[in-house]
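Here are some comments to read beside the model, written as numbered points for someone new to reading structures. Please keep the sequence and the view open while going through them.

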Number of protein chains: 2
Amino acid sequence: MREVAIVSAGMTPFGELWETSLRNLFVQAAREALEKAHVTRVDGIYVGNMSGGQFVGQEHLGPLMADHLGMAGVPAVRIESACASGGAALRTAFFDVASGASDLVLAAGVEKMNDGADVTNVLATAADQETEVYHGVTFPGLYAMIARAHMQAHGTTEEDLSAVSVKNHHHGALSPRAQFRMEVTLEQVMNSSMVAEPLRLLHCSPVTDGAAAVLLCPLDRAAEFTDRPVKILGSGLASGSFALADRPDPSFLDAVSLSASRAFQMAGVGVADIDVAEVHDCFSIAELCVLEALGFAKPGGAAELTRAGETALGGKLPVNTSGGLKSKGHPVGATGIAQAVEILEQLRDEAGARQVKNATVGLAQNMGGSGASSVVHIFERV
Amino acid sequence: MREVAIVSAGMTPFGELWETSLRNLFVQAAREALEKAHVTRVDGIYVGNMSGGQFVGQEHLGPLMADHLGMAGVPAVRIESACASGGAALRTAFFDVASGASDLVLAAGVEKMNDGADVTNVLATAADQETEVYHGVTFPGLYAMIARAHMQAHGTTEEDLSAVSVKNHHHGALSPRAQFRMEVTLEQVMNSSMVAEPLRLLHCSPVTDGAAAVLLCPLDRAAEFTDRPVKILGSGLASGSFALADRPDPSFLDAVSLSASRAFQMAGVGVADIDVAEVHDCFSIAELCVLEALGFAKPGGAAELTRAGETALGGKLPVNTSGGLKSKGHPVGATGIAQAVEILEQLRDEAGARQVKNATVGLAQNMGGSGASSVVHIFERV
């Protein structure tokens, strides 16, 4: 298979974007990526989206977005894996180029969550309807159970969860496109409203509209489009037990671990080589569980890394320099692509106040549901 | 890229399957395909599904289905392109194997439409919410407008539309898994209730539950799994103008024509080489438009082919020997895979009373929306 590069990116601000429709968000992000590369037509489009149908009554987003980009005719499909839809779209685009089937491919994610849908219940369709949602649990409850299991197994505290939120808001305050571009204190997090014990409001990612896009091509053509390509070194996708109750240890995310080992194997690098990472902190507990499943800490060890400042800007492994899902926002189908955009900017030295010095290799991890699907990509500055 | 074969298939009966859930339909079809090939684990799963979220409150079908097949861990994603979701899933699986990324890949489609959702409005989310559905039109209305345009341009009559239904029910009566396994007369079709003038009830495909699955592998490994592999010669996907009003000629389906030319080019064969075809007759007018866009007839010429019996069993090019969407049923996300199952059986001489003699090369065409997306696959007996 061929080596593949990302040559440009586009991203809308994330937030409550009442004035912009689903299709216009997509076009805004996609057009930015295309214009930066001086490209007017691509060979394929992959749309990452969890539920245009339930959120705004619009499925069939592949041809809709191709048409609204002025590219009717171009092959275009939607890829869905709940909140990992963006990462899954990036992966499909990556293999489309790597295989030699296509040269210029756009991978873009979008979600419009603030247009009146019953968001918590729409998101819950990514959980198991028969064994979970039917009984009344939605994602705050599922992640609260993961947090309780983690606390019981490893002595994790509410302060540990809160430290993740403080750190990610600190990063997000430096991030121009973040939905909540402000610092929060440990006290504010610890005193925010209880959502699902032990998870409080400031442990939860917000409801967000937004879109993000990246343009891929064979590495040997990258110079036509940019002088700063970033190579995709590896891609790993895994599924796991769908329902939380089926997992022997709900505090360890098997699919994340498996997707990471696949991506590391393909990339030929290890955890020690990663300079910067974006991970799926849909709830603060998720960042701890993901860092452990990725192998950056032993099970139960991510809280200590966080307390020691190692995952903050200036630490050994800055995590979620974009602000993460918590502060940047989480338009679910766009998140996996937005993570790639942040890593791209870091590896190109374009991250401004959030810049990690000498970042050469970066990782993005995007998760679906309570961890039933996970996608990991590893990127390298060329 | 590598040559790719389909080595086995599975399919549920199509119909109102009140006793079986979405996940169990999927597992039933997938398990049949796996067991026939003596396979217990695959390298990847692609789930074709239009709207599990809106129909039964379940998104995130990749990992759900992998888990319920006993394959937690296996990479699994959902592919959506409205009613072309099945064909798009088959295409993604095809390139996954062709690229060398995976060896054994399952492509399966499923839809559960009879569990209480407002089906016509759910399906309408595949049309343009802003310029079509907002104004009250749903798919019967959109295809009625296509029929009117075809009548005006080519003199097509209600009898011409009805002849398609009569022919497809004739085939479906011979098809053990068809939802409506019965003949209908021209008089019955012409006197059935009006749905959207000029389309009557018996010009419309039904609301259907069902699933279908095919197992793919590199052609050079096919003998491990079957002595009757069928090779995928070519695959073409295209988008087109999303809204009907944006098309210069609503009676000609540009995306179908483009997807066909891409598939024929890849396959290195032409229309004259096709011995049997399954095409997307969601409404009877669609079969005529599709046959013309595929190049089997000139624009306006498909009605004459149909009247002459050329598209019936025994004719020069039997079309929809399965009964088509009209008689076999149309569980939207499963349809594209079910078409491949029929072509597989034809090319393997397994089609029983529906068998086309000496069928060597077959074609399947699967459409999304009012023709905004189309996937064409061409298959050859090995």
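1. Two residues are said to be in contact when heavy atoms of theirs lie within 4.5 Å. In this predicted model, 55 residues of chain A are in contact with 55 residues of chain B. The area buried between chain A and chain B is about 3,900 Å², and carbon and sulfur atoms contribute 53% of that area. On the side of chain A, the residues that lose the most area to chain B are A:H60, A:E80 and A:F242, which together make up 18% of what that side buries.

2. How are the two chains placed relative to each other? The same surface serves both copies, since 100% of the contact residues of chain A recur in chain B.

3. Polar pairs also join the chains, with 34 residue pairs in polar contact between chain A and chain B, both residues being at pLDDT 80 or more. The elements giving two or more residues to the side of chain A that touches chain B include the helices α2 (52-56) and α3 (61-68), as well as the strands β3 (76-80) and β8 (230-239). With 6 residues, α3(A) gives the most to that side of chain A.

4. Salt bridges deserve a point of their own. Side chains of opposite charge can pair when their charged atoms come close. Over all chains the structure holds 46 salt bridges, and the count between chain A and chain B is 6. The side chains of B:R23 and A:E130, for instance, meet in a salt bridge with a distance of 3.4 Å from N to O. Salt bridges can also form a network, as they do in linking A:R2, A:D103, A:R221 and A:E224.

5. Within chain A, the side chains of A:K167 and A:E287 meet in a salt bridge at 2.5 Å, N to O. A:K167 belongs to helix α7 (residues 158-172) and A:E287 to helix α10 (residues 284-294), so this pair ties together parts of chain A that are 120 residues apart in sequence. Are these two partners buried or exposed? A:K167 has a relative accessible area of 7% and is buried, and A:E287, at 0%, is buried too.

6. The side chains of B:R78 and B:E59 form a salt bridge at 2.7 Å, N to O. That pair links distant parts of the chain, with B:R78 in strand β3 (residues 76-80) and B:E59 in the loop between α2 (52-56) and α3 (61-68), 19 residues apart. Both B:R78 and B:E59 are buried. In another salt bridge, the closest N and O atoms of B:E345 and B:R177 are 3.1 Å apart. Because B:E345 lies in helix α13 (residues 332-347) and B:R177 in the loop between α7 (158-172) and α8 (186-191), the pair ties together parts of chain B that are 168 residues apart in sequence. B:E345 is buried, at a relative accessible area of 13%.

7. Helix α10 (residues 284-294) of chain B is mostly covered, since 11 of its 11 residues are buried. Among them are B:E287 and B:E292, along with B:I285, B:L288 and B:L291. The helix α10(B) is followed by B:G295, whose phi is positive, near 100°.

8. Which residues does B:N320 touch, not counting residues up to four places away in sequence? Its partners are B:K167, B:N168, B:H171, B:A277, B:E278, B:V279, B:D281 and B:E287. B:N320 sits in the loop between α11 (302-307) and α12 (324-328) of chain B, and B:N320 is buried, with a relative accessible area of 0%.

9. The last point concerns nonpolar residues. The largest nonpolar core has 78 residues, of which A:L216, A:F379, B:L216 and B:F379 touch the most other members. Leaving aside neighbours within four places in sequence, B:L216 is in contact with residues including B:V4, B:I6, B:L90, B:F94, B:L104 and B:I232.

Terms used:
Residues numbered from 1 in each chain as written. Chains lettered and ligands numbered in written order. Predicted model: local features only at pLDDT ≥ 70, side-chain atom pairs only at ≥ 80, totals over all residues. Heavy atoms only, no water. Salt bridge = Lys/Arg side-chain N within 4 Å of Asp/Glu carboxyl O. Helix = DSSP H or I, 4+ residues; strand = E, 2+ residues; numbered from the N terminus. Buried < 20%, exposed > 50% of the residue type's maximum accessible area, 1.4 Å probe, protein only. Core = buried A, V, L, I, M, F, W, Y, C linked by side-chain atoms within 4.5 Å. Buried area = accessible area lost by both parts, 1.4 Å probe. Polar contact = N/O pair within 3.5 Å; in protein donor to acceptor, adjacent residues only side chain to side chain.
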